[in-house]
Amino acid sequence: DVFVIEALDYEVSHEYYITVEATDGGSPPLSDIASVNINLTDVNDNKPVFSQEIYTTVISEDAELGKTVLTVMAEDSDGPSYNHIHYSIVDGNQGSPFTMDPLRGELKVARQLDRERTSGYMLKVVATDNGVPPLSSSAIINIDISDVNDNPPLFSHANYSLIIQENRPKGTSILQLTVSDRDASHNGPPFTFTIVDGNEGGAFHINQQGVVVTMGVLSRKTKEHYLLQAQVSDSGKPQLFSTAFISVHIIEESIYPPAVLPLDIYVSVAGDEYPGGVLGKIHATDQDIYDTLTYSLAPSASSSVDESGALFSVSASDGKIIALRPLDIGHYALNVTVTDGRFTTLADVNVHIHQAARQALDNSIAVRFGNIAPEEFVGDYWRNFQRALRNIAGVRRSEVHLVSIQPEQGDLDVLLTLERSGSPYQSQEVVFRKLNSSAAVIEEMTGVRIVRVLQKLCAGLDCPLHFCDEVVSLDKSAMSTYSTARLSFVTPRHVRTATCQCDGGRCPVLNNLCENNPCPEGMDCVADPRDAVYSCVCPEGKKGKCSGKNISLFIINPFAHFLLSLM
């Protein structure tokens, strides 16, 4: 018997010639020799192998249909029974822009290519033999689509309409044209601009940045209207172009100067400086309806710059005032100019940086106004509120400091402190009693509804209000700017942190319900310890003269403090 003792490989040797000798056991031994011819049959044990794992090529987007992009090649080591190869595209051929000859491996253009839609393709191709089962391998074809100049440059608008005043100086910029080109950069910019029609007397010119400028002083009496046909050309070959129309109306020059309001800016900070940001906005108007106003920062007596550069800037287009760098506590006086091109008006801007120190926050009081926006309160009601505080608390306007403005579900919390002569601040308890007892008077003087006066809120804490301690802090990372025509406030968000002073949740019983004089001014407190309530009554002889219009009953329970008004 002939045995196979090692693996056979048809691709190494597909036939063997063996000489076999047979010898007997006699004496002398006799033998004979025979030749054995062994032919191997092939099995499909080798997959096709591409000549490259990755193919790369470039083809122009205007390539003709049927054009051969490249040819891939794979070889199969098996014999002729299993080495016939079939080529196919299995991935990356979205929209079928390419086809592949299954026998020759030629990749051809099947549809019109468009680089502006798809700039490249990554195809996965597979070579499969004819074995059973068939074996296969894959390769990647990277195709870059090269650009041809097949898209003209386009203006952002087909028609422009301008109104400019006469007597503007030569070289005045009146329009910035914007152009786009879908082709690659070498077939796009730089663009060439020309005026091909309507430019009587050479009144206008378009520079290579696409800015339309005047070439002389325009006069309404000479010509009131121009209709320019502008053309833009790209840098491709062949060069492509497009046109747009620019209608220019000449009107009389400005006759009214801008009207500007002075602006006071108050910034409240928790630390030693304001980090910078938008402070407010200058409001200016002009009776010349076609005037365009430009804002700038003028030199002032107070330093708006220092050795290391500018502290402030003003947005030329909308008048926003910006602190470019941190500002120390104090006062800054600025001059802002507003010009319409002919007239210039000066506006005074005063920036006040005020520090809300710990003592100020400990003596702060919040007033919650109902259904009002921050800007509405600042612009329409803040001055009246200051007057009301002057009458009720006996403070000057400069002694009222707004620390924080904070919207709360449609209402508005205004956190403030009041200074007093001889000491930094009026105590929180005194200010609370003055404002709480005069809420109706403040509403009448300001025209804004007061929801409540907040000495402490203690929200979400299971603790009697009398034994709740609350600390107000400022979040310097959450600054908000509320700007109106004459007044702007920049304030941080305030946060309340409450703690209960009761030991182990056990609170002592109040012996005197009328301590701290909780009733409005002029009314007497009458306590009823049995029901833990007290009443505020008007003394005999003062009926109708008490500060409160209603008789107020205050009810105290271990967890809340309510005010009931009895007519």
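What follows is a short chat about the terms and what lies behind them.

Reply: Happy to! Keep in mind that this is a predicted model. The protein chain has four helices and 43 strands, and buried residues make up 39% of its 567 residues.

Me: Why is tyrosine 16 called partly exposed?

Reply: Tyrosine 16 has a relative accessibility of 32%. Buried means under 20% and exposed means over 50%, with partly exposed in between, so at 32% tyrosine 16 counts as partly exposed. You can find tyrosine 16 in strand β1, residues 15–23.

Me: What makes the nonpolar surface patch that includes Tyr16?

Reply: Val4, Leu8 and Tyr16 make this patch, which comes to about 290 Å². A patch residue needs over 30% relative accessible area, and tyrosine 16 is at 32%.

Me: How do you know that the buried residues of α4 line one face of the helix?

Reply: Those buried residues are Ala439, Ile442 and Thr446. Looking down the axis of α4, they fall within an arc of 60°, so they line one face. Among the elements that cover them are α2, α3 and β37. Just after α4 comes glycine 447, with a positive phi of about 80°.

Me: What makes the largest nonpolar core a core, and which residues touch the most other members?

Reply: The largest one here has 32 residues, and Phe369, Phe377, Trp382, Phe385, Leu389, Leu418 and Leu435 touch the most other members. Elements that each supply at least two residues of this core include β34 (365–369), α3 (428–437) and β39 (487–500). The largest share, nine residues, comes from α2. Apart from this core lies another, of 26 residues, including Ile282, Ala323, Leu327 and Val349.

Me: Which residues is phenylalanine 377 in contact with, leaving aside its neighbours within four places in sequence?

Reply: They are Phe369, Ile372, Trp382, Phe385, Leu402, Leu412 and Val414. Contact here means heavy atoms within 4.5 Å. More generally, nonpolar side chains tend to be buried together in soluble globular proteins.

Me: What share of the contacts with a separation of 6 or more comes from residues 24 or more positions apart?

Reply: In the protein chain, that share is 64%.

Conventions:
Residues numbered from 1 in each chain as written. Predicted model: local features only at pLDDT ≥ 70, side-chain atom pairs only at ≥ 80, totals over all residues. Heavy atoms only, no water. Core = buried A, V, L, I, M, F, W, Y, C linked by side-chain atoms within 4.5 Å. Buried < 20%, exposed > 50% of the residue type's maximum accessible area, 1.4 Å probe, protein only. Patch = residues over 30% accessible without salt bridge, like charges linked within 9 Å, V, L, I, M, F, W, Y side chains within 5 Å. Areas by Shrake-Rupley, 256 points an atom, 1.4 Å probe, with all protein chains shown as cover. Salt bridge = Lys/Arg side-chain N within 4 Å of Asp/Glu carboxyl O. Arc of directions from axis to C-beta.
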